[in-house]
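Please keep the sequence and the structure in view while reading.

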Amino acid sequence: MKRTQGMTRRKLLGGGVAAVAAGATLLAEPQQAPAVVTRRRFRAWISRGDGPGRTSLQEVSLRPISGRQVLVRTEATNLCYSNAPAVLGQAQATGTPAPQSVLAAPSGARRMNDLAVIQGHGGIGVVEAVGPEVRRVQVGDRVCVSGTPQCGSCYRCVRGRSDMCQFLSAIGADDLVAIGDLGDGSPVYENSHIGGLAELMVAPEEWIVPLFTRADTVELGMVCSCVSVAGLAAATSPNLAPVEPAAGVAVVGCGPLGLSAIQGARIAGASTIIAIDPIRVRRELALRVGATHALDPNVERDMVIQKVRELTVWPTDRLWAGGRNPAGRRPGAGADFVIEAAGADQFPPKLEAGPDPSGILPMQQAYQMCSLGGHVITTSLVRGNITLPGTLFSIGGVTHHGGQAGGASPLRDIPRFVRYLENSQFNSRALATLVVPLRDMLDAYTQVAYRTTVTAIMTM
Ligand SMILES: [Zn+2]
Ligand SMILES: [Zn+2]
């Protein structure tokens, strides 16, 4: 292995021109600390079997770290709604199957529920050990274990769609690699190769984003959560359709993802931000973090589309004067950008239920409240197929953008979102409505599942 004349890689990269001039080379092999971790024991929430009670706190002994694996000591992780059925093991609200990701791996030889799995999908923490092939981070780095990977070299990564990175297609039961063992000898796996509901996370470096920040643990855990990353990306990521300054924006669904999208739209300089959610406390929170208007879909019903058009009306309809609605042929304007973040209920909400537990109606409405020539960004999992007016779809000029994690490019976008936090542009505290230690995870997840909290952050 070639040495870099005693310089660490960070010094090399930080030294810039001077370091290069001094003879250092960017092509040197990384010098990583050896990954000597001997059967370390740690606490983890292990899910196995079917039905309620499938998740319990257990002690795991860690397997040696190798290859591109990174060992992260967890500081905080978000309890994501999409993971609630796997953790709580309860039937979905409607008795119909859970919405599936289009990238889900085909069923293979193993059944996920038979494996001992640490649920969760990512979090923040500090690197404790790295495999010999890891280049992206070093021991001691504070990192985000991202919900979506970015290998940087697959077909979709090199085309600017790292939210569709090849590694997302390799997270099925047959793809998972054991990272530890239970006392009874059962191998322990992690959801999506990353887990999160444990004192340690082991992840391939494709999922790791170095952060270089001293931000507060809970606030950092929130802004780096899958939901905030997806919401901020849906509003600001150049991969899809970033909100333009002074635009009119509608956000359909004000869970943690929608509330992050609202903040992203505010940061981008939108002039009108309409929040739509059936839950009163969520609408109030939306107004606190940046929405200019809030609508209750249970009150507005079919009129919600018309209401958005009225709220996004332009100062003039006059032809030749910048009018958007010549001769009043289309009532009102419609939002320039619509971010859909509603999704299907996976549990019957204990606060106000929305008009459609499948999530289909809000998605259809999102499309129809968009301005002619505007952009619709969808982010949620729904049950079933959507139906749209064919001619509007065909020639209405509405551009639909779908993507994982709001189209986020993790290595580019997550550090950018951390700057939003450091600059007091993003309000993490308002979203992290429940903060719990590891031992209280199940209670907190129950509140997330029944929507009695916006979201929950688990700390160690
Ligand atoms: Zn998530
Ligand atoms: Zn990739």
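## First zinc site

Along the chain, the donors of the zinc ion (ligand 1) follow the spacing C-x40-H-x104-C. Helices (H or I, at least four residues) and strands (E, at least two) are DSSP runs, numbered from the N terminus. The protein donors of this zinc ion (ligand 1) are Cys 80 (SG), His 121 (NE2) and Cys 226 (SG), at 2.0 to 2.3 Å from it. Donors are N, O and S atoms within 2.8 Å of the metal (3.2 Å for Na, K and Ca); water is not among the atoms, so sites may look incomplete.

His 121 is buried at a relative accessible area of 19%, while Cys 226 is partly exposed at 22%. Buried means under 20% relative accessible area, exposed over 50%, and partly exposed in between (1.4 Å probe, protein chains only).

## Basis of the model

This is a predicted model, in which local features need pLDDT of at least 70 and side-chain atom pairs count only at pLDDT 80 or more, whereas totals for chains, interfaces and linings use all residues. Residues are numbered from 1 along each chain as its sequence is written, chains are lettered from A and ligands numbered from 1 in the order in which they are written, and side-chain values use heavy atoms, with hydrogens and water left out.

The zinc ion (ligand 2) has Cys 151 (SG), Cys 154 (SG), Cys 157 (SG) and Cys 165 (SG) as its protein donors, lying 2.3 to 2.4 Å from it. Their spacing along the chain is C-x2-C-x2-C-x7-C. Cys 154 and Cys 157 are both buried.

The arrangement around the zinc ion (ligand 2) is tetrahedral because its 4 donor atoms subtend angles of 104 to 119°. Four donors count as tetrahedral if all angles lie between 85 and 135 degrees.

## Chain overview

The protein chain has 13 helices and 18 strands. Of its 460 residues, 56% are buried. Among contacts in the protein chain with a separation of 6 or more, 72% come from residues 24 or more positions apart; contact means heavy atoms within 4.5 Å.

The chain exposes about 19200 Å², and carbon and sulfur atoms supply 53% of it. Accessible areas come from the Shrake-Rupley method with a 1.4 Å probe; for residues, only the protein chains shown count as cover.

## Barrel

In the order S1-S2-S7-S8-S4, 5 strands close into a barrel with mixed pairing. From one strand to the next, the twist averages 50°. Axes are lines fitted to C-alpha atoms, for helices over the stretch in contact, and angles run from 0 to 180 degrees between N-to-C directions.

Two strands pair if DSSP finds at least two bridges between them. Ser 61 stands opposite Asp 181 in S7.

Helix H4 (residues 226-236) is largely enclosed by the rest of the structure, because 10 of its 11 residues are buried. The buried residues of H4 include Val 227, Val 229, Leu 232 and Thr 236.

Arg 283 lies in helix H6 (residues 280-289) and is buried, with a relative accessible area of 14%. Not counting residues up to four places away in sequence, Arg 283 touches Asp 277, Pro 278, Ala 294, Leu 295 and Asp 296.

## Backbone and loop details

Ser 424 has a positive phi of about 60° although it is not a glycine. Ser 424 is located in the loop between helix H11 (410-422) and helix H12 (428-431), and is exposed at a relative accessible area of 66%. Arg 451, also not a glycine, has a positive phi of about 65°. Arg 451 sits in the loop between helix H13 (441-449) and strand S18 (457-459) and counts as buried at 12% relative accessibility.

Val 130 belongs to strand S5 and counts as buried at 1% relative accessibility. Val 130 and Arg 68 are 62 residues apart in sequence and 7.3 Å apart in space, C-alpha to C-alpha.

Conventions:
Four donors count as tetrahedral if all angles lie between 85 and 135 degrees; four count as square planar and six as octahedral if opposite donors are over 155 degrees apart and all others between 65 and 115; anything else is irregular.
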